[in-house]
Amino acid sequence: MKRMVLLGLLALGAVVVLLPFIWMVSVSLKPQAEIFTSSVTLLPRAPTLANYWQAITQTAIPRYLLNGALVTGGILVLQLLVSVPCAYALAHRRFRGRGVLFAAILAALLAPFHVTAIPIFLGLAQLGWLNSYTALILPFTATAFGLFLLRQAFARIPRDLIDAARVDGMGEMAIAWRIAFPLAMPTVIAFAIFSVTAHWNDLFWPMIATTDPQLATPPRGILFFRDAESGDAPGPLMAGAVLVTAPLVLAFLLSQRRFTQGLANTGLKG
Amino acid sequence: MNMRESMSTLLLTGPAALALVLCVFLPVAVVFVLAFTNYQIGAPGIGWVGLDNFAQLFGSRMGRNAILNTLTYVSIVIPASVGLGLLVALGLHALARSLPRVSEMLKAVYFLPVAATLVAMAVSWQMLLHPSLGLVNTWSSALGLPAPLWLSDRGLVLYTLSAIGIWQSVGYNMVLFLAGLAAIQPSLYDAAEVDGATSGWARFWLVTWPMLGPTTLFVMVVTAASAFRVFETVATLTKGGPAFASDTIVYALYREGFVYFKAGYASAITVVFFLALLLLTALQIWVIERKVHYR
């Protein structure tokens, strides 16, 4: 009995959490006449894919999705290229300034991106780089969080393994990429999920760095779309919202454990 | 240390160190300087104005309004999101013993808003709360309840945004609490039972709650830090309106800096925002070092 009450309460909460998802999918499947009616229903009576067809063929949604993939991919690649060698050096090399560098990384963890936005905007404007993929990608090259996570993961690799590679004549850069990097793959994946999710969903920086709709990332694009249709086409708008949300939600449903680790537990374990 | 070693260290760490300086440290330093100037983006001149920008932020109605709204938002979202996160985690933890698969499924559902694109979900909330086409008001009218204007009533809008903020963050807190619950040793419950704590309630206060202390603190700080940054829902749903009723500090930063191009004033807002977050972190470290020693 007690268990049924518990289950009931948890299920009720789950329905509330799901409501905006259900509504988004439901409206996206409704024909126009069913949306603009006085008798609103939760589920569509005559579901249709017309809204999706319209969103894909007559709007810039595909372009936004492509931009999202380019920007998040570009950011992740750049972050790893810069962070992996440095994190490896911090974990397995002794050099002057190592303590300072590590302290700097911890200090940088304290500054959220919002704090640096104005000067970075001014700098990019000075260089004439605003309104470009560069403006969307480059400012995120430095990732204190990524450096910290990777350093902790590399530090768990046994010293002997690294020394053996050195004896075999491997260069330091090669050790970082061909030994440390693959061994730390779970951390790399957790960081990748964190980074891609953060930048796919980000609205703050794309709103600042770009005004060109051709460069809009998915959240920015959805707002361009909404402001252009101004209430006339909620069906295609919801279809667009579904398409923007789908990649990450599907990835999450397919690998829940990795996702929760990437988004939540990384912060705890460190 | 020879030349080759130094070169290879430089090659490994140089790019990251340079990126940190250019993307973090230099901009932070510049923001602290700009906060004391009247610089406008695109304007030819720049002049020192001392503390004028800060006086404007704390002295003007608009500035105080943004700060107060943010504090209200944070003080609603923290207790509600942490409390609900804990309740859901306790429920799922208890359910996991008898119905592990159902528990896993519900956990995924509660976490879904964390992975979903908030802007797209906010657009869906907008449809859900739409005065005439939305489901919420249709249902509440059918039940004979009032059908308020969730996003355009000045007295209500901040609470609506808070509710969406809670909706979005409960799942994250739940996952952190579940990890905390899993780390509690079962032997502690046996010991508590020997000591006479036989009801679930007594066991919760004697074992679970104190053992979750560090987790609860961590969850509260994380929730506070992300609530302070509320921007996406404001920008999507209200643009700070109506009549600045839902203006928040990060949205004000965006508006003053990048719509009105008042870089100096926006930098002052940034500095205040940054110092508030630093204070929060300091508080976290202070409390952890003083209070929490269980392991």
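Predicted model: local features only at pLDDT ≥ 70, side-chain atom pairs only at ≥ 80, totals over all residues.

Reader: Where does H4(B) bend, and what follows within four residues?

Author: The bend, of about 25 degrees, is at Val109(B), and the residue that follows within four residues is a proline, Pro113(B).

Reader: What makes Pro113(B) and other residues of H4(B) count as buried?

Author: The cut-off is 20 or more other C-beta atoms within 10 Å of a residue's own, and Pro113(B) is classed as buried, as are Leu106(B), Lys107(B), Tyr110(B), Phe111(B), Leu112(B), Val114(B) and Ala115(B).

Reader: How many residues of chain A and of chain B are in contact, and what is the make-up of the side of chain A?

Author: Contact requires C-beta atoms within 7 Å, and 77 residues of chain A are in contact with 71 residues of chain B. Helix H1 of chain A, residues 2-29, gives the most to the side of chain A that touches chain B, with 15 residues, and by class that side has 61 nonpolar, 12 polar and four charged residues.

Reader: Why is chain A called more spread out than a compact globule?

Author: Chain A has 15 helices and zero strands. Its radius of gyration is 23 Å, whereas the globule rule gives 18 Å for 270 residues, and because the value is well over that of the rule, chain A is described as more spread out than a compact globule. Taken along the principal axes, the C-alpha atoms of chain A fill a box of roughly 75 × 65 × 30 Å, and buried residues make up 46% of the 270 residues in the chain.

Reader: Which domains is chain A divided into, and how many residues does each give to the contact?

Author: Chain A is divided into domain 1 (1-48) and domain 2 (60-269), whose C-alpha centres lie 34 Å apart. The contact takes seven residues from domain 1 of chain A and six residues from domain 2 of chain A; on the side of domain 1 that touches domain 2, H1(A) gives the most, with four residues.

Note on methods
Residues numbered from 1 in each chain as written. Chains lettered and ligands numbered in written order. Bend = angle between axes of the 7 residues up to and from the residue. Helix = DSSP H or I, 4+ residues; strand = E, 2+ residues; numbered from the N terminus. Buried ≥ 20, exposed ≤ 12 C-beta atoms within 10 Å, placed from the backbone. Contact = placed C-beta atoms within 7 Å. Nonpolar A, V, L, I, M, F, W, Y, C, P; charged D, E, K, R; others polar. Domains from an automatic or database assignment. Rg over C-alpha atoms; globule rule 2.2 N^0.38 Å.
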